[in-house]
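Subject: Structure handover

Hi,

Here is the structure I promised to pass on. Please open it next to this note and follow along.

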Amino acid sequence: MAEIIVRKSGGLKGTVFTSGSKNAVLPLLAATLLTEQKCEIDSVPNLKDVKVMCELLESFGANVTEKLDENVILVEANTLKTSVAPIGPVRSMRASIVSMGPVLARTGTARIPLPGGCAIGDRPIDLHIKGFIALGADVDMIEDESGNGYVEARAEKLVGAEMYLDTPSVGATENIMMAASLAEGTTIIENPAQEPEIVDLANYLNKMGAKIKGAGTDMIKIEGVPELHGATHSVIPDRIEAGTYMLAAAITKGNILVENMLSNHVVPIIAKLRECGVVITEEDDGLRVSAENANLKSADLKTLPYPGFPTDIQPQFMAFLSIVSGSSTILETVFENRFMHINELNKMNAGIIEDGRRAIVKGGVQLKGAEVRATDLRAGAALILAGLVAEGETVISDIYHIDRGYDDIIGKLKRLGADIERID
Ligand code: UD1
């Protein structure tokens with residue numbers, strides 16, 4: 001089993017380039033199923049999840065050319081040979097569910113296994129299903145002969161509708177936007193997710209000929225069109241990856257220039273780091289994050305849907321708060337079970353108490369190397385950050401989670417001076 005070994009590294013210094021966004025590229029790739037024409041996606045990060053999505057597109061019959069060393073993927077979904085997704089990719093990656101809207105819109109039916117992915121809470125798909133039903137689809141939960149559960153949607157034609165999302169779900173907003181792009185008439189989504197990845201998807205769909213307005217606000221309007229065409233698009237930078245390197249500078253008291261990032265996508269991360277005493281300055285090529293001579297102190301935080309503090313940075317921020325002076329409270333409001341890293345950080349002497357959706361971080365401790373498990377993708381990143389400042393050696397197992405979502409994290413950290421290696 002592959003492991004990552006991290007040792008105490010001193011202040012990280014240098015420049016790190018932010019890759020394309022994992023959470024943006026996955027729905028963009030799914031969107032290529034909406035047209036029979038050739039599509040090109042650029043600035044694609046080299047990630048396991050991207051490969052899984054390509055496998056999924058191929059299983060539907062798309063022709064996929066992966067040029068990941070050039071960060072390019074070409075997709076031509078001339079005809080879809082099936083509307084049934086295989087179990088493998090869907091179980092290993094929850095984001096596979098965003099293929100459902102495009103396949104339903106394109107073929108009139110879609111059958112997708114109940115999804116897997118990071119075990120952070122129940123992660124239901126009821127809002128996706130409500131959206132498809134509102135657009136006129138019949139949706140059933142079915143079981144195959146081997147007892148595998150599927151969700152199946154069928155619609156002779158999709159018809160635009162007005163709907164309200166009880167929770168601003170990212171995946172549901174994406175699925176509905178894609179399906180509604182080819183529906184007859186106008187769809188209005190009230191209380192949609194407003195994440196930058198939603199805006200990126202809407203921009204791409206509009207390049208393909210869709211008519212979407214309001215992405216990034218609290219109401220999205222989609223006027224359906226009869227067909228979409230091929231288009232080329234460059235993925236936005238990964239704000240969560242950028243945030244992780246900002247925290248690497250903060251926790252190690254280093255000085256890192258995070259290049260190719262959009263600072264307006266990380267406003268709450270900047271604000272919280274500044275509250276803790278980290279110095280952040282905008283430069284021509286990116287954001288400089290320095291904690292070199294900082295007197296780091298605690299801050300409370302609460303995760304929220306965008307533009308609030310991102311849940312995907314909560315574990316990494318928790319690792320950081322465990323070493324600053326003073327105690328902090330973290331409230332996780334997006335997922336009901338996203339504290340599995342507390343156990344692991346405590347094995348490293350972190351002193352964090354879990355109280356329902358609240359975590360109380362004692363702060364001011366000297367972390368110690370230990371054998372720990374990456375319980376999910378961002379938890380894995382948090383353990384790497386903790387390992388950079390822990391006495392001794394930290395050995396992280398289950399690193400397949402980290403491979404899913406960080407492009408060359410070992411190489412990037414090494415170039416910043418980290419003592420880190422991967423053992424396969
Ligand atoms: C996406 C991101 C993930 C991030 C999350 C929240 C991708 C590939 N993944 O996940 O990294 O942590 O947004 O920012 O983009 N919910 C329901 N019913 C549904 C769908 C969701 O109740 O049908 C709930 C979930 O249980 C959760 C909340 O809504 O509590 C947010 O989930 P959602 O925004 O859907 O997250 P994902 O799209 O799965």
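What covers the buried residues of helix 5? The cover includes helix 4 (100-107), strand 7 (138-143), strand 8 (149-154), strand 9 (162-164) and helix 6 (170-181). I will come back to helix 5 below.

Some ground rules before the details. This is a predicted model, so local features need pLDDT of at least 70 and side-chain atom pairs count only at pLDDT 80 or more, while totals for chains, interfaces and linings use all residues. Residues are numbered from 1 along each chain as its sequence is written, and side-chain values use heavy atoms, with hydrogens and water left out.

**Overall**

The protein has 14 helices and 23 strands. Both are DSSP runs, numbered from the N terminus: helices are H or I with at least four residues, strands are E with at least two. The C-alpha trace spans about 60 × 50 × 40 Å along its principal axes.

Of the 424 residues, 58% count as buried. Buried means under 20% relative accessible area, exposed means over 50%, and partly exposed is in between (1.4 Å probe, protein chains only). Take the contacts between residues at least 6 apart in sequence: 73% of them join residues at least 24 apart. Contact here means heavy atoms within 4.5 Å.

Charges next. There are 41 positive and 58 negative side chains, and the centres of the two sets lie 4 Å apart. Lys and Arg count as positive, Asp and Glu as negative; His and the chain ends are not counted. Each charge is placed at NZ of Lys, CZ of Arg, CG of Asp or CD of Glu.

**Helix 5 and what follows**

Helix 5 covers residues 126-134. Its buried residues are L127, H128, I129, G131 and F132. Just after the helix, G136 takes a positive phi of about 100°.

Further on, N148 sits in the loop between strand 7 and strand 8. N148 counts as buried because its relative accessibility is 19%. Beyond its neighbours within four places in sequence, N148 is in contact with I87, R91, I142 and E143.

Two strands pair if DSSP finds at least two bridges between them. Strand 18 (residues 328-331) and strand 20 (residues 358-361) run antiparallel and are joined by 4 bridges. I330 stands opposite A359 in strand 20.

**Backbone points to check**

- Y306 and P307 are joined by a cis peptide bond, with omega about 10°. P307 lies in the loop between strand 17 and helix 10 (314-321).
- S43 is not a glycine, yet its phi is positive, about 55°. The residue lies in the loop between strand 3 (38-42) and helix 2 (48-59). At 33% relative accessibility, S43 is partly exposed.
- N260 also has a positive phi, near 55°, without being a glycine. Its loop runs between strand 14 (255-259) and helix 9 (267-275). N260 is partly exposed, at 32% relative accessible area.

Best wishes
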